[in-house]
Amino acid sequence: MRRNGPLALIFHTIFVIVMVAPILVVCLVAFTPEGFLSLPTNGFSLRWFRAIGNYPEFIHAFWVSLGLGALSSFVALLFAVPAALAIARYRFRGRDALAALFLSPLMIPHVVLGIAFLRFFTSAGLGGSFAALIIAHVIIVFPFALRLTLAAATGMDRTVEMAAVSLGAGGWTLFRRVTLPLILPGVISGWALAFIQSFDDLTMTVFLAAPGTETLPVRMFLYIQDNIDPLVTSVSACVIAITMTALILLDRFYGLDRVLAGKGDTGR
Amino acid sequence: MSAAAEERNARAPWALTAPALMLFVGVLLIPLAMTVMLSFHDWGQYKGIEPVFILKNWKEIATDPYYAEMFWRTFRIAILTTLLTALLGAPEAYILNRMSGRWKSFFLLVILGPLLISVVARTLGWALLFGGNNGLVNKLLMSAGVIRFPIPFMFTETGMVVALAHVMMPFMVLSVWAALQRLDPQIENAAMSLGAGPITIIRRIIMPQIMPGVLSGAIIVFSLSASAFATPAIIGGRRLKVAATLAYDEFLNTLNWPLGAAVATLLLVALVLIVVGSNALIERRYAEVFR
């Protein structure tokens with residue numbers, strides 16, 4: 001294959017700089033020693049990271065986001081693993097329609113989902129509750145949990161299962177001792193990707209969150225609506241650091257291009 | 001029961017998918033249906049929502065030019081964002097694909113990584129870079145001699161398009177990247193050995209083959225941009241409204257839920273029609289490639 005020429009490399013360099021610049025500038029401004037938005041030209045300071053401690057709303061929102069992401073991704077997997085096994089292994093009527101339904105939260109705008117859930121949970125008397133947030137997040141992270149589990153279940157070597165069956169394993173034992181360990185990398189990656197999606201969601205959650213159940217993106221968004229100061233950049237820098245850690249782990253563990261491309265989608 | 005017997009069991013797939021199916025019907029399909037119904041209800045400042053069947057909200061959207069302008073702005077921003085990501089993302093994916101192993105995976109991580117970083121944080125970054133008329137972007141462009149006077153980015157459609165294009169770029173690169181993986185590098189060499197120059201190769205060999213990738217990326221970028229909320233809300237401010245931010249206002253500020261539901265329903269229907277329609281067009285046009 002031909003190599004990239006100098007023009008291509010210049011284009012590539014500018015492209016990468018533009019992609020990284022907004023993220024980098026947030027992280028840099030977070031270290032400013034000044035009381036206003038500025039790049040840290042005379043020395044770095046952690047004052048705005050310490051300042052987060054004086055705003056219990058951000059700390060509380062962080063724990064809400066963490067709990068919500070962990071729990072909703074776990075619940076989504078409880079539903080997604082059996083569904084993925086069924087879709088990967090059986091050819092049955094309505095299989096394609098089911099797969100399309102399960103992936104539909106990817107297609108429906110989150111603003112529409114937010115409105116639908118707000119209407120639904122308010123009528124059900126659950127408006128603004130943590131339970132409503134969990135159920136709503138289970139729906140939006142479900143496609144991610146399903147896709148990665150599906151990819152693992154489709155690529156799995158079934159002769160191992162047959163060997164286990166011939167040795168007398170069945171039902172629950174077969175699933176717990178053979179099937180689950182084999183698809184576990186896909187399941188864990190599915191959980192991680194689902195967690196990131198839940199942790200980052202603003203558009204849907206902003207409709208459902210009430211004071212007390214505000215997630216970190218919602219808290220940050222409402223804060224930015226009023227004013228932008230270095231405090232919100234240091235909070236953002238923390239969020240970026242958390243996501244980057246998860247990202248690098250995910251890449252090491254499973255391969256980021258595979259995670260994002262959602263290889264082996266509905267088995268078409 | 002042997003595995004083979006299990007395969008024949010027709011009830012097993014339904015038993016396995018039943019919990020997820022019930023969840024989706026109960027908490028996705030029913031709320032969506034309720035939203036559509038809500039758009040036909042009446043609302044008044046003092047009486048609140050009245051569960052009657054009227055076309056008031058739909059009439060208001062159809063006749064008040066404010067909504068036509070708002071939807072036109074929404075789709076204009078989405079189209080410009082799509083064009084910008086295609087024009088820059090497709091060449092970048094091609095350049096990326098020609099890099100050697102280690103660099104390729106490194107830059108792929110750098111370009112796709114932002115996809116998973118909070119949209120609020122990324123948009124905040126653009127707000128900082130734009131920052132009034134003497135923001136970093138303007139200073140850079142002026143010192144490079146690209147522009148003579150600062151361009152207003154904050155609270156303008158220009159700024160929204162730039163920030164949205166950045167947010168959506170990974171989807172385009174990923175989509176073109178996937179199309180490039182199916183491409184046989186030998187074809188390029190064959191064209192070269194037959195005397196084709198680099199421009200001919202790109203125009204006649206590469207472009208036709210990655211076009212399906214560009215188009216499917218364009219559909220994703222378009223539908224996500226048209227329904228984007230965080231970026232238009234932060235860059236656009238309170239005055240420059242798009243469909244998603246308007247629906248948010250109706251629900252959480254004005255409290256006119258039926259009207260907000262009508263805006264959301266219209267956005268959903270328009271997007272589904274556009275996405276399904278263009279998918280069908282692309283699949284017919286490029287049936288060969290998808291086989």
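Colleague: What is the mean pLDDT of chain A, and what percentage of its residues reach 70 or more?

Modeller: This is a predicted model. Chain A has a mean pLDDT of 89, and 94% of its residues reach 70 or more. Residues 262-268 of chain A, however, stay under 50. For that stretch the model has 14 contacts beyond four places in sequence.

Colleague: What makes the pattern of chain A a series of α symbols?

Modeller: The chain contains twelve helices and zero strands. Read along the sequence, the pattern is accordingly α-α-α-α-α-α-α-α-α-α-α-α. Its C-alpha atoms fill a box of roughly 70 × 65 × 30 Å along the principal axes. Of the 268 residues of chain A, 43% count as buried. Among contacts in chain A with a separation of 6 or more, 75% join residues 24 or more positions apart.

Colleague: Which residues of chain A does UniProt mark as "transmembrane region", and how much helix do residues 97-118 and 174-196 hold?

Modeller: The unreviewed UniProt entry places that feature at residues 7-31, 58-85, 97-118, 130-153, 174-196 and 231-250 of chain A. Residues 174-196 of chain A are 100% helix and 0% strand, with end C-alpha atoms 31 Å apart. Residues 97-118 of chain A are 73% helix and 0% strand, and there the end C-alpha atoms are 26 Å apart. The unreviewed entry also carries the annotation "domain: ABC transmembrane type-1" over residues 62-250 of chain A. That span is 79% helix and 0% strand, and its end C-alpha atoms are 21 Å apart.

Colleague: Why are helix 1 of chain A and helix 6 of chain B called roughly perpendicular?

Modeller: Their axes cross at roughly 80 degrees and come within 8 Å. Angles from 65 to 115 degrees count as roughly perpendicular, so the term applies to helix 1 of chain A and helix 6 of chain B. From helix 1 of chain A, the residues making the contact include Ala21(A), Pro22(A) and Val29(A), and from helix 6 of chain B they include Arg122(B), Gly125(B) and Trp126(B). The residues of this contact divide into eleven nonpolar, one polar and one charged.

Colleague: Why is Ile95(B) called partly exposed?

Modeller: Ile95(B) has 19 other C-beta atoms within 10 Å. A buried residue needs 20 or more and an exposed one has 12 or fewer, so Ile95(B) is partly exposed. Ile95(B) is found in helix 4 of chain B. Leaving aside residues up to four places away in sequence, Ile95(B) touches Asn4(A), Ala8(A), Phe11(A) and His12(A). Ile95(B) and Trp177(B) are 82 residues apart in sequence and 10.0 Å apart in space, C-alpha to C-alpha.

Colleague: Which helices do the buried residues of helix 12 of chain B pack against?

Modeller: In chain A they pack against helix 5 (110-123) and helix 9 (205-208), and in chain B against helix 4 (65-97), helix 11 (230-236) and helix 13 (257-285). Among these buried residues are Thr245(B), Tyr248(B), Glu250(B) and Phe251(B). Helix 12 of chain B is followed by Leu255(B), whose phi is positive, near 70 degrees.

Key. Residues numbered from 1 in each chain as written. Chains lettered and ligands numbered in written order. Predicted model: local features only at pLDDT ≥ 70, side-chain atom pairs only at ≥ 80, totals over all residues. pLDDT = per-residue confidence, 0-100. Contact = placed C-beta atoms within 7 Å. UniProt positions renumbered as here; feature names shortened; annotations may be inferred. Helix = DSSP H or I, 4+ residues; strand = E, 2+ residues; numbered from the N terminus. Axes fitted to C-alpha atoms, helices over the stretch in contact; angles between N-to-C directions. Parallel < 35°, antiparallel > 145°, perpendicular 65-115°, else oblique. Nonpolar A, V, L, I, M, F, W, Y, C, P; charged D, E, K, R; others polar.
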